[in-house]
Amino acid sequence: MAKIRDLSINICGVKFPNPFLLSSSPVSNTAEMVARAFDKGWGGVAYKTIAHDRTRIIHPSPRMAPFNYENKSLVALQNVEQTSDRPMKDNWADIRWLKKHYPKQVLIVSIMGFSLDEWIDLARMGEDNGADMLELNFSCPHMTVEGAGMKVGQAMELIEKFTSAVKKTVNIPVIAKLTSNVTDITIPALYAQKGGADAITAINTVRALTEIGLDDFVPKPNIHGKGAMSGMSGPAIKPIGLKCVTELAQCDGLKIPIIGCGGAETWVDIAEYLMCGAAAIQVTTGIIHYGQRIVEDMAEGLSDWMDAKKFNNLQEIVGKSLVKTVGTDAFDLSRQGIAQFDLDKCIGCGQCYIVCQDAGGQGLGWDSEKRRPVPDDKQCLSCMICGMVCPVDAMVSYKYKPGKQEILPPVMG
Ligand SMILES: Cc1cc2nc3c(=O)[nH]c(=O)nc-3n(C[C@H](O)[C@H](O)[C@H](O)COP(=O)(O)O)c2cc1C
């Protein structure tokens with residue numbers, strides 16, 4: 001196995017051995033499974049959200065449904081799971097055991113109160129039982145308890161109130177886990193910061209409806225003939241996660257660190273979240289799909305990439321893409337390009353011609369004898385959809401229009 005370099009990072013004064021964390025979900029439900037994940041190399045856990053025993057949680061059956069698209073399975077996962085259904089005493093015992101046996105891994109205890117008193121109570125119990133940090137779940141999009149989860153994440157005063165109450169109760173760092181189901185995630189983040197939050201986790205599952213049965217008309221998961229709007233996770237939500245983390249990292253008033261979450265499966269996803277400004281990344285669906293072992297590739301891939309790019313430490317990557325993420329008004333419009341083809345690679349399928357005619361600039365003709373596209377530089381919009389549909393990558397490059405850095409007049413009116 002390749003040598004893994006030091007991937008440690010400091011967040012809110014807590015040393016994380018690496019940025020790979022289990023997120024709060026079925027993958028972090030018991031000490032036994034978390035211990036196995038730590039043995040494989042995960043640097044920390046946001047333990048499955050603990051609510052107060054006063055409300056008995058019963059999960060629907062089934063609680064999840066996969067969304068598969070063409071050849072890729074689990075592009076997304078739809079779930080209706082609530083907070084932990086285990087008795088609090090069992091969870092606290094597991095948390096104490098984990099802290100005792102894995103002192104170097106970071107133990108984040110996720111909590112959700114259904115009243116102010118419960119938030120305070122749970123926070124105290126979390127700290128007393130060994131949590132290094134608390135994560136306040138303001139973001140589950142399908143809680144059955146009225147006014148809980150995402151409903152708090154959409155009510156700014158409540159975010160501030162609960163965060164502030166927890167902060168007054170404990171001495172450990174407090175993270176607010178926010179929902180992307182808002183118009184602008186920086187607003188709840190600023191309220192959390194005002195309440196004293198030390199960090200933000202973004203994002204939880206996205207409220208969605210991935211699939212509806214064509215035979216029974218029931219949204220999935222189909223729970224005995226009924227479905228519900230609920231939480232979507234997995235690769236399909238990574239773009240939303242990256243967007244939210246970037247918005248948070250670019251928000252001038254927000255001074256606290258960000259933990260990314262949503263759709264991370266590989267070291268590339270981890271690198272992308274780091275570049276957007278996340279200091280660590282949490283994972284659930286990737287583990288549900290491939291198992292805890294994905295952390296080995298994450299560590300090896302990230303380590304190799306850091307060597308290749310000559311990064312000295314993880315902190316140097318955090319926020320690396322931010323200066324290059326601009327408003328669309330800041331683009332250089334004087335440079336317009338033309339698609340370039342390697343016709344020796346072309347297999348004559350005609351896909352490029354069809355999409356250029358139907359959805360592009362009609363910048364490709366078609367030689368039906370040779371079965372090859374005939375580029376027309378004047379008409380090419382450089383939209384590149386020809387390259388997107390080419391099965392053999394025959395659209396090989398993108399050339400700027402030679403000698404003239406000017407905007408062509410629109411092809412049609
Ligand atoms: C079945 C399931 C249960 C979850 N339960 C919780 C939870 O109890 N608390 C929480 O904060 N997030 C919960 N989540 C959300 C995840 O922690 C994570 O934010 C989300 O799944 C996005 O990450 P992913 O795409 O890596 O799965 C749950 C997700 C799934 C799929």
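I began with α6, whose buried residues pack against α4 (150-153), α5 (156-169), β9 (174-178), β10 (199-202) and α7 (238-249). The model is a predicted one: local features need pLDDT of at least 70, side-chain atom pairs count only at pLDDT 80 or more, and totals for chains, interfaces and linings use all residues. Residue numbers run from 1 along each chain as its sequence is written.

I noted the terms as I used them. Helices (H or I, at least four residues) and strands (E, at least two) are DSSP runs numbered from the N terminus. Buried means 20 or more other C-beta atoms within 10 Å of the residue's own, exposed 12 or fewer, partly exposed in between, with C-beta atoms placed from the backbone.

**Entry: α6**

How many of the nine residues of helix α6 are buried? I found seven in the helix (residues 186-194), so α6 is largely enclosed by the rest of the structure. I listed them: Thr 186, Pro 188, Ala 189, Leu 190, Tyr 191, Ala 192 and Gln 193. After α6 comes Gly 196, with a positive phi near 105°.

**Entry: α5 against α6**

I looked up the packing of α5 and α6: the angle is about 30°, and the axes are 7 Å apart. That makes α5 roughly parallel to α6 (angles under 35 degrees count as roughly parallel, over 145 as roughly antiparallel, 65 to 115 as roughly perpendicular, the rest as oblique). Axes are lines fitted to C-alpha atoms, for helices over the stretch in contact, and angles run from 0 to 180 degrees between N-to-C directions. The crossing is right-handed.

From α5, the contact uses Met 156, Ile 159, Glu 160 and Thr 163; from α6, Ile 187, Pro 188, Tyr 191, Ala 192 and Lys 194. Contact means C-beta atoms, placed from the backbone, within 7 Å. By class I have six nonpolar residues, one polar and two charged in the contact of α5 with α6.

**Entry: the ligand shell**

Which residues come nearest the ligand? Of the 28 around it, I noted Ser 23, Ser 25, Ser 233, Thr 284 and Thr 285. Near means a C-beta atom, placed from the backbone, within 6 Å. β4 (44-50), β6 (72-79) and α9 (285-290) each supply at least two residues of the shell.

**Entry: the whole chain**

I counted 12 helices and 18 strands in the protein chain. Its C-alpha trace spans about 75 × 55 × 45 Å along the principal axes. Of its 413 residues, 45% are buried.

Key
Two residues are in contact if their C-beta atoms, placed from the backbone, lie within 7 Å. A crossing is left-handed if the near helix is turned anticlockwise from the far one by less than a right angle, and right-handed if clockwise. Ala, Val, Leu, Ile, Met, Phe, Trp, Tyr, Cys and Pro count as nonpolar, Asp, Glu, Lys and Arg as charged, and the others, Gly among them, as polar.
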